[in-house]
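I opened the model to go through its metal site, its core and its aromatic rings. My entries are below, in the order in which I looked things up.

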Amino acid sequence: MIQDLHAHTYYSFDSSDSVEKVIETAILGGVGLLGISDHNYGVGYGRADLCYGRGPSLDADYGKTLLRYYDHVKASAARYRNRIKVLCGLEISTRLSRDAYALPTAQDVSLFDYCLIEGLDEENSFLKGDIFAFAKRCGCPAGIAHTDLFGFLARRGEEPARFFRRLAEENIFWEINVNFDSLHSFRTHGYVTEFFQNKKQQEIVRNAGVKLSVGFDSHIAREYKPDRVKTANKLLRDMGIRLAFDGIE
Ligand SMILES: [Zn+2]
């Protein structure tokens, strides 16, 4: 089953697509497992189509807005269940510079099917390079979004094989982000290109038993490129690498 675990809707500030539009685009593209993963700050503070240009509504009831998003995605998942499997995820920013957008410390996110954690390798991330405690705190399966993990580990002098084994043990997956759209200036991720060429990296990931996910990180449904998603799914499977949520029906 072709998977894409990274997609945005109007619950994120930087997308204006409806949940239904994103699901139908994935169905047309031949995706069998779609994860909707809106930004925690967009979900928590207000939909882009309602407050775009006005910034987040900081007086919103964060817990309620998360539930509103969750219920909408789950209702859509049920509606489309004969054509596609839809998961409800949450992309969580760990950047301090976007303090106002941070996930409230006590906010429960364990009901989500998974979360994508972004900013691990960034200097202003409150993770300070430690993914493990925060992934546990989320209480749902967690993945590391669009991060050059091999580069990150090299800079820290950490041994990749050990790190990836620990990811596998703690059931944290790593995202292969295949985005290519105008929002990201038609840039591809260098770490993904490198990974697909680097047999040693592939071997480390395979031997560790860590799961990878594929994500287009769509913010504009009309610019969705399912072929990039399909190719990445196939390349990873041909390498004998397991994908996140493989086996889910
Ligand atoms: Zn994203």
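The entries start with conventions and then go from the metal site to the rings.

**Conventions.** I am working from a predicted model, in which local features need pLDDT of at least 70, side-chain atom pairs count only at pLDDT 80 or more, and totals for chains, interfaces and linings use all residues. Residues are numbered from 1 along each chain as its sequence is written, and side-chain values use heavy atoms, with hydrogens and water left out.

**Zinc site.** I looked up the donors of the zinc ion and found His 6 (NE2), His 8 (NE2), Glu 91 (OE) and Asp 217 (OD), at 2.0 to 2.4 Å. I took donors as N, O and S atoms within 2.8 Å of the metal (3.2 Å for Na, K and Ca); water is not among the atoms, so sites may look incomplete. The angles among the four donor atoms run from 74 to 168 degrees, and the site is irregular. For the record, four donors count as tetrahedral if all angles lie between 85 and 135 degrees; four count as square planar and six as octahedral if opposite donors are over 155 degrees apart and all others between 65 and 115; anything else is irregular.

The donor spacing in sequence reads H-x1-H-x82-E-x125-D. His 6 is in the loop between strand S1 (3–4) and helix H1 (19–28), and Asp 217 is in the loop between strand S7 (212–215) and helix H10 (226–238), so this pair ties together parts 211 residues apart in sequence. I use DSSP runs, numbered from the N terminus, for helices (H or I, at least four residues) and strands (E, at least two). His 6 and Asp 217 are both buried (under 20% relative accessible area; exposed is over 50%, partly exposed in between, with a 1.4 Å probe and protein chains only).

**Helix H6.** In H6 (residues 149–156) I listed Leu 149, Phe 150, Gly 151, Phe 152 and Leu 153 as buried. They pack against strand S5 (142–144), helix H7 (160–169), strand S6 (172–177), helix H8 (190–197) and helix H9 (199–208); contact means heavy atoms within 4.5 Å.

Ile 131 sits in the loop between strand S4 (114–118) and helix H5 (132–138), and its relative accessible area is 0%. Leaving out residues up to four places away in sequence, I found Ile 131 touching Ile 117, Leu 120, Ile 144, Phe 163 and Leu 167.

A nonpolar core is a set of buried Ala, Val, Leu, Ile, Met, Phe, Trp, Tyr and Cys residues joined through side-chain atoms within 4.5 Å. In the largest one, of 67 residues, Phe 164, Leu 167, Trp 174, Phe 195 and Leu 212 touch the most other members. Helix H4 (residues 62–79) gives the most to this core, with six residues.

**Rings.** I counted 19 aromatic pairs, with ring centres of Phe, Tyr and Trp (its six-membered ring) within 6.5 Å; planes under 30 degrees apart are stacked, over 60 edge-to-face and the rest tilted. Tyr 114 and Phe 173 have ring centres 6.2 Å apart and planes at 55 degrees, so I logged the pair as tilted. Phe 152 and Phe 163 are edge-to-face, at 6.4 Å centre to centre and 70 degrees between the planes.
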